[in-house]
Amino acid sequence: MAPAAPKSGDAIFASVDRVNAELFTLTYGAIVRQLLTDLEEVDEVNKQLDQMGYNIGVRLVDEFLAKSNVSRCVDFRETAEVIAKVGFKMFLGVTASVTNWDTEGTTCSLIMEDNPLVDFVELPDTCQGLHYCNILSGVVRGALEMVSMKTEVTWLRDMLKGDDVFELQVKLLKQIPEEYPYKDDE
Amino acid sequence: MGFRESHFPSGLEVHKRNSPCPTFTIHIEIALWETLSKGKQKVSLSAFAFLFSELVQYNQTQVDNIAELERRLEDAGYAVGARVLELLCHREKGNRRETRLLGILSFIHSTVWKVLFGKVADSLEKGTEHEDEYMNSEKELLVNRFISIPKDMGAFNCGAFVAGIVKGVLDNAGFPAVVTAHFVPVDGQQRPRTTILIKFVEEVLLREARLG
């Protein structure tokens, strides 16, 4: 049987079960608040959020592959596009754009103007060091690791700190070779 | 604050006059106004399920018994409930909130449930044995949909989070209550339903009686 054609982010998002973004936003806010109370140090909270995101990314990639029918990306450029246009859309209902490529094609930025995590959020002065959306960078890192790419993901711009967009820099550190015989479906 | 005004333009003017830095504040106000009035945005159910599962797993590392875990989930929910009340009173109720017992219960059963879970709750009943108890039940509570409880965790119910939301709404609306989540087996169904049991404190019922 011929493999099904890859689906667009919009098509997948339209077909999956959805919930009110506010429930999601407020629940995330409750998590961040709990972490701030428990861990006290903003750096520790950043770390914990990243870890939570990583855990999610590791599991989320299965659902992503199952529902999107994407085939292997030829290079990191295509990977970044797929994350921004299909991955973000399918889970968060928003898309990102990919820019700021370096000459080797291993570092780029995902730009988000709309981010459901930060509705209603204002950072108090005591939390200026907090990367509020750090869970998202963890998700990207975790998901990419499951498809054999070691990456480093950092926030460059943050609307909660007065920037005009969210900019997430994704840097490909290395491709981990597949370890066992890989059977292509085609 | 400007956004509490029922009409945006007047709210805007208030700030123009009072704010030392008008342009910046107005920008924020508009952003806030948009966020407050939209509310039709969606994310995928799995995004929420993943997030919720992390919330539960993280809290598991912070406790050593089930009661404590439920209390922490309730705390997290409480924070959500308090904000949901404020948001919905503004958006759905023209900045008014319910002051009567049945009013606030039906607000939770219909308005809050519809916004958070996309449907009204399956049932709202009054306890038969106690005057101060009400039960809001749901066949398949959203947060329990992807959760199976390990045998060694006994009666643990992730619905504690939703109980926290309900408590957050009630407390902040002036109806303090003890709210707990329970699994109730249903005939002919594999999975139990979840009942959110609301037990109001005495003063609420006294006040209600006085209001007649």
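Because the model is predicted, local features are reported where pLDDT is at least 70 and side-chain atom pairs count only at pLDDT 80 or more, while totals for chains, interfaces and linings use all residues. Residues are numbered from 1 along each chain as its sequence is written, and chains are lettered from A and ligands numbered from 1 in the order in which they are written.

Chain A has five helices and five strands, where helices (H or I, at least four residues) and strands (E, at least two) are DSSP runs numbered from the N terminus. Read from the N terminus, the order of elements in chain A is α-β-α-α-α-β-β-α-β-β. The radius of gyration of chain A is 17 Å, close to the 16 Å that the globule rule gives for 186 residues, so chain A is as compact as a globular protein of that length; this radius is taken over C-alpha atoms, and the rule is 2.2 Å times the number of residues to the power 0.38. Along the principal axes, the C-alpha atoms of chain A fill a box of roughly 55 × 35 × 30 Å. Of the 186 residues in chain A, 40% are buried, a residue being buried if 20 or more other C-beta atoms lie within 10 Å of its own, exposed if 12 or fewer, and partly exposed in between, with C-beta atoms placed from the backbone. Contacts (C-beta atoms, placed from the backbone, within 7 Å) also describe the fold of chain A: among those between residues at least 6 apart in sequence, 61% join residues at least 24 apart.

Chain B has seven helices and five strands, and from the N terminus its elements run α-α-β-α-α-α-β-β-α-β-β-α. Buried residues make up 33% of the 212 residues in chain B, and among its contacts between residues at least 6 apart in sequence, 55% join residues at least 24 apart.

Where the chains meet, 31 residues of chain A are in contact with 26 residues of chain B. On the side of chain A that touches chain B, at least two residues each come from strand E1 (18-20), helix H2 (21-39), helix H3 (42-68) and helix H4 (76-92), and the largest share, twelve residues, comes from H2(A). By class, this side of chain A has 18 nonpolar, five polar and eight charged residues, with Ala, Val, Leu, Ile, Met, Phe, Trp, Tyr, Cys and Pro counted as nonpolar, Asp, Glu, Lys and Arg as charged, and the others, Gly among them, as polar. The chains are also linked through strands, since E1(A) and strand E1 (residues 42-44) of chain B pair in the antiparallel sense over three bridges, pairing requiring that DSSP finds at least two bridges between two strands. Within this pair, A:Arg18 has B:Ser44 as its bridge partner.

The largest nonpolar core has 91 residues, and those with the most contacts inside it are A:Phe24, B:Val84, B:Val162, B:Val166 and B:Val169; such a core is a set of buried Ala, Val, Leu, Ile, Met, Phe, Trp, Tyr and Cys residues joined through C-beta atoms within 7 Å. In soluble globular proteins, nonpolar side chains tend to be buried together.

Helix H6 (residues 160-172) of chain B has 13 residues that should span 18 Å at 1.5 Å a residue, which agrees with the 18 Å between its end C-alpha atoms; the expected span is 1.5 Å times one less than the number of residues. Eleven of the 13 residues of H6(B) are buried, so this helix is largely enclosed by the rest of the structure. The buried residues of H6(B) include B:Val162, B:Val166 and B:Val169, and they pack against helix H4 (66-92), helix H5 (101-117), strand E3 (133-138), strand E4 (177-184) and strand E5 (193-200) of chain B. Beyond its neighbours within four places in sequence, B:Val166 is in contact with B:Gly81, B:Ile108, B:Asn136, B:Val179, B:Ile196 and B:Ile198.

B:Gln62, in the loop between helix H3 (45-60) and H4 of chain B, is exposed, with 11 other C-beta atoms within 10 Å. Leaving out residues up to four places away in sequence, B:Gln62 touches A:Asp38 and B:Arg72.

How values were computed: Two residues are in contact if their C-beta atoms, placed from the backbone, lie within 7 Å.
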